[in-house]
Amino acid sequence: MMSWKRKTGSGGGGAESPTRGAAEEEKVVVPRGHVPMLLAGGDDGGDHGERVLVPVRLLSDPSVAELLDMAAQRYGYGQPGVLRVPCDAGHFRQVLDGAMHRRCGISSSA
């Protein structure tokens, strides 16, 4: 799992305008073969949480597919924007570590 740009709060008081900051965030390019996801944890599924990039090859793993089913049940299939997953970052990393080990024989732990 790769960390992606964490969405910044709108209340920051820097010299940068909010419009410019939002435009820069939209320019983030997702590498080919990855899916951006927002780990929504136990909250109401808003736009806050940790943003991650998940390799497409891991989406068919049963554990990852179960999380995607949970996301579909909670948020529906028509989610606008980044795919939200109702899972905290620690648990998601464990699921992806297991999937990577089963699929690739590697671990994302450093």
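Analyst: Welcome to a predicted model, in which local features need pLDDT of at least 70, side-chain atom pairs count only at pLDDT 80 or more, and totals for chains, interfaces and linings use all residues. Residues are numbered from 1 along each chain as its sequence is written, and side-chain values use heavy atoms, leaving out hydrogens and water.

User: Which pattern does the protein follow along the sequence?

Analyst: Helices (H or I, at least four residues) and strands (E, at least two) are DSSP runs, numbered from the N terminus. There are 3 helices and 4 strands. Read along the sequence, the pattern is β-α-β-β-α-β-α.

User: Is glutamate 50 buried or exposed?

Analyst: Glutamate 50 lies in strand 3 (residues 50–55). Buried means under 20% relative accessible area, exposed over 50%, and partly exposed in between (1.4 Å probe, protein chains only). Because its relative accessible area is 13%, glutamate 50 is buried.

User: What span does helix 3 reach from its first C-alpha to its last?

Analyst: Helix 3 (residues 89–104) has 16 residues. An expected span is 1.5 Å times one less than the number of residues. For helix 3 the expected value is 22 Å, and close to that is the span in the model, 21 Å.
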